[in-house]
Amino acid sequence: LNMMRMKKLIVTVAAFLGIVLGLNAQQAFKSLAIGFEAGTTGLGVEVAVPIVTNRIVLKGGLTSPSLTYPFSFSGDMQPVNNEIIRANDYLMQSGLDDRINTRFSDLSLSASSTLNLSSARLLLEFYPFKSSSFHITAGAYMGMGDKFLSATVRTDKTFMTELNAMKAEINAINSKYADVPGYSPVDVTADSFNMFDSTYKIREEDGRAVFDADFKVAKVRPYLGLGFGRSMPKKHLGFQFDLGLWYHGKVALSSANQVDFNPDAPELAPKMQGLEKDKVEKMLMFYPHVAFRLIYKIF
């Protein structure tokens with residue numbers, strides 16, 4: 001499926017190039033260059049042709065593959081422990097002898113995030129100064145999909161051990177006092193949490209709690225950047241450096257772990273350093289493009 005999309009994008013770029021170049025074929029086909037790129041947006045290849053003059057260059061290309069980054073962080077479980085304390089207060093006020101003894105340690109979380117960078121590009125490059133290789137680039141990237149960032153978070157095994165122990169205690173207490181008049185079953189929310197104004201329920205996998213999420217962005221991503229080096233080198237070989245930004249617009253979080261909103265679930269995100277909602281949204285609205293490019297001028 002991805003190969004079919006890539007072929008369609010190549011055909012689209014080629015057709016667009018043909019239309020533009022046909023406007024002034026004699027000048028446009030005067031030169032043709034190919035570039036090989038490595039940078040924050042992955043590995044890429046592009047072709048470049050001058051439009052009317054060498055100071056305006058049209059470029060089309062493809063970028064791939066995706067990049068994966070592992071990292072770790074911690075989560076404060078005090079909100080859940082506070083729920084346990086409140087449950088024990090209820091048991092005491094009800095004149096019952098049993099208590100929940102389990103307490104949760106701070107979460108140790110490991111994560112793997114994947115940037116889905118596969119895209120096609122169509123850019124115009126303008127050289128404002130005739131004798132300088134400084135250039136301004138504008139255009140757009142077309143993502144192969146709307147899932148820009150996919151992440152999987154796993155807890156340590158200690159969390160699931162503590163969670164299962166607490167559940168066993170609560171089930172035993174509720175079962176013991178189920179027939180006591182006026183008794184309300186104890187419920188401590190620990191297998192779900194609130195983040196970004198939504199509730200998510202964890203699932204167990206290999207003795208760990210697992211959470212998956214996708215950050216979705218627009219497929220069409222406008223680009224603006226600056227750089228040095230010529231897409232049409234004076235000789236056959238040349239180098240380029242570019243620095244710019246993709247604009248993704250508003251980010252949408254999607255997760256198979258999401259359930260109906262529960263205002264009583266503990267709020268986990270504020271305790272995760274760097275994962276506050278506004279920071280994530282601002283961070284993903286723009287993505288930095290830093291690239292080094294080897295250029296070969298075919299003719």
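Which strands each supply at least two residues of the nonpolar patch? They are strand S14 (237-247) and strand S17 (286-297). The model is a predicted one, in which local features need pLDDT of at least 70 and side-chain atom pairs count only at pLDDT 80 or more, while totals for chains, interfaces and linings use all residues. Residues are numbered from 1 along each chain as its sequence is written, and side-chain values use heavy atoms, with hydrogens and water left out.

**The surface patch**

The patch on the surface consists of Phe36, Val45, Leu237, Phe239, Leu294, Tyr296, Ile298 and Phe299, which together have about 790 Å² of accessible area. Such areas come from the Shrake-Rupley method with a 1.4 Å probe. Nonpolar patch members have over 30% relative accessible area and no salt bridge, and their side chains are joined within 5 Å; a salt bridge is a side-chain nitrogen of Lys or Arg within 4 Å of a carboxyl oxygen of Asp or Glu. Leucine 294 lies in strand S17. Its relative accessible area is 36%, so leucine 294 is partly exposed (buried is under 20%, exposed over 50%, partly exposed in between).

**Strand pairing**

Strands are DSSP runs of E with at least two residues, and helices are runs of H or I with at least four. Two strands pair if DSSP finds at least two bridges between them.

| Strands | Pairing | Bridges |
|---|---|---|
| S3 (residues 53-64) and S6 (residues 119-126) | antiparallel | eight bridges |
| S6 and S7 (residues 135-143) | antiparallel | eight bridges |
| S10 (residues 198-201) and S16 | antiparallel | two bridges |

Leucine 62 has alanine 120 in S6 as its bridge partner, and phenylalanine 126 has isoleucine 136 in S7. Threonine 199 stands opposite valine 259 in S16.

An open antiparallel sheet has three strands in the order S9-S10-S16. Strand S9 (192-195) and strand S16 (258-259) are at its edges with a single partner strand each, so one side of each has no neighbour in the sheet.

**The nonpolar cores**

A nonpolar core is a set of buried Ala, Val, Leu, Ile, Met, Phe, Trp, Tyr and Cys residues joined through side-chain atoms within 4.5 Å. The largest has 45 residues, and those with the most contacts inside it are Ile100, Phe104, Phe148, Phe159, Met166 and Val188. Among the elements that each supply at least two of its residues are helix H3 (78-93), strand S5 (107-115) and helix H4 (157-176). H4 gives the most to this core, with six residues. A second, separate core of six residues includes Ala33, Ala48, Val57 and Ile295.

Methods
Patches are made of residues with over 30% relative accessible area and no salt bridge: like charges are joined within 9 Å, nonpolar side chains (Val, Leu, Ile, Met, Phe, Trp, Tyr) within 5 Å. Buried means under 20% relative accessible area, exposed over 50%, partly exposed in between (1.4 Å probe, protein chains only).
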